Amino acid sequence: MEGNAGSLYGRLNRSSTRGFLAYVAAGGTCAAVLACFVLSAADPRAAERNDGLLRLSSRSARVWPDLAFNWRVVVATVVGFLGSAFGTVGGVGGGGIFVPMLNLVVGFDTKSAAALSKCMIMGASASSVWYNLQVSHPTKEAPVIDYKLALLFQPMLMLGITIGVELSVIFPYWLITVLIIILFVGTSSRSFYKGILMWREETRILMETREREEQSKAACAANDGEKLVIDPSYEEPLLTKPQPKVKSALETFLFNLRWKNILVLMSVWSCFLVLQVLKNNSKSCSTFYWVINILQVPVAVSMFLWEAVQLCRESRARRINGNLECVCEASIEWSPAQLIFCALCGLLGGTVGGLLGSGGGFILGPLLLELGCIPQVASATATFVMMFSSSLSVMEFYFLHRFPIPFAGYLIFVSVLAGFWGQCLVRKIVHVLKRASLIVFILSSVIFASALTMGVVGIQKSISMINNHEYMGFLNFCE
């Protein structure tokens, strides 16, 4: 079964994605047309009357409930545990569930809820990465985390998160809600469809394997009673045949670590952290503020180009030598068009993460499946990338005093336990049932649940704004 997994998922995920891209483009166009219609119908005098109210709402009062044992904390613990467990297994984090839960159930203001959501994603991602470093690749001798894809996507994802945070200040809440529903419904439907295809193919392979086992047993039963004679000349080779070495947990952990790649990722992380701290300590919309903002672009693009050139060169060299093996887990031929597509998807994932307060896995997880990664590798790689992006946001929010330390520590503790428990449970179920498509179904379910919760909250808030005759156009970034 495992021997066929690589070709199985690669074959299923090399199908055309033009339909999905057309869906996203059409949805974005509808959202843009709707925004133009609302803006044209908006009353400019309403914006002037509500100018003071808008400034107040953009700088809304900080609401930090106390950490005490009550039904709200119990609900937050249960939802946070389940969301972290299944979110990390799917490689999507779960920010779309955490933010509404912390805002509506626990009572945090929106900005604090987004900051605490990042803390939960960081804790769950860190424990999941620790678990994935101790497990072997299901189909070949390689780490289950694809460091090459992580190096390719992480810089653009971090740049996209910065763009998303900036856009969240400008975009009206209803537009963010519309975009999230369109994107999440599309990605969850696409992932669910892929899960169905994988389930059918796994069923076919399991039936063929069972038939071969029954035929083998029937052949053994037919020869039952016959004496098996072994030539003495073959006895020694049979006894001394080398067996594949089983690695210990420590050997697997050291094999899965790639210090060079981790140090490169840490250097990119550090550069973005320094730039974010400098930006947050500068005056909004000042010259220094925009210089620091723009400096993030060459940092991200240079790192992306460095890894992209390496992938292209290695892929070309292998094709020249007649080696058809892929340079990484993605079962595609790396070309400039493919790399541009990956860069845009990384930016899109980061932008959605910045708008939502999530880690960007809602785009990266399905994208890795689309590129041909098997579910175990897609989940592990997306979680690994989210660990860096979410920890960067947590450090930034810590310096800005955006979340209460006791509540954050408690939620991180719950998420760490949930991430490790979720990985252990689901991976064992996948191993027993031999159905990695379960990971894809979990991914699809978490994205759909996020679309549902964010959609309900967004629609409710938008209706409230309409009833209160509030301004629903684009806001001024520098105010």
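1. Helices here are DSSP runs (H or I, at least four residues), numbered from the N terminus.

2. A quick word on what you're looking at: this is a predicted model, where local features need pLDDT of at least 70 and side-chain atom pairs count only at pLDDT 80 or more, while totals for chains, interfaces and linings use all residues. Residues are numbered from 1 along each chain as its sequence is written, and side-chain values use heavy atoms, with hydrogens and water left out.

3. Back to the charges: the whole structure has 5 salt bridges. One of them joins K148 and E314 at 3.0 Å, N to O. K148 sits in helix 8 (residues 147-170) and E314 in helix 13 (residues 287-320), so this pair ties together parts that are 166 residues apart in sequence. K148 is partly exposed at 25% relative accessible area, and E314 is partly exposed too, at 27%.

4. R204 and E201 form a salt bridge as well, with the closest N and O atoms 2.4 Å apart. Both lie in helix 9 (residues 173-222), 3 residues apart, or about one turn of the helix. R204 is partly exposed at 36% relative accessibility, whereas E201 counts as buried at 15%.

5. Now the greasy side. A nonpolar patch on the surface has about 930 Å² of accessible area together, and its members include F69, F86, W421 and L433. Patch residues have over 30% relative accessible area and no salt bridge, and nonpolar side chains (Val, Leu, Ile, Met, Phe, Trp, Tyr) are joined within 5 Å. Helix 5 (71-90) and helix 17 (405-433) each give two or more residues to the patch, and helix 17 has the largest share, 5 residues. F86, in helix 5, is partly exposed at 32% relative accessibility.

6. Helix 17 also packs with helix 7 (residues 110-132): their axes, lines fitted to C-alpha atoms over the stretch in contact, come within 7 Å and cross at roughly 40°.

Technical notes
Patch = residues over 30% accessible without salt bridge, like charges linked within 9 Å, V, L, I, M, F, W, Y side chains within 5 Å. Areas by Shrake-Rupley, 256 points an atom, 1.4 Å probe, with all protein chains shown as cover. Salt bridge = Lys/Arg side-chain N within 4 Å of Asp/Glu carboxyl O. Buried < 20%, exposed > 50% of the residue type's maximum accessible area, 1.4 Å probe, protein only. Axes fitted to C-alpha atoms, helices over the stretch in contact; angles between N-to-C directions.
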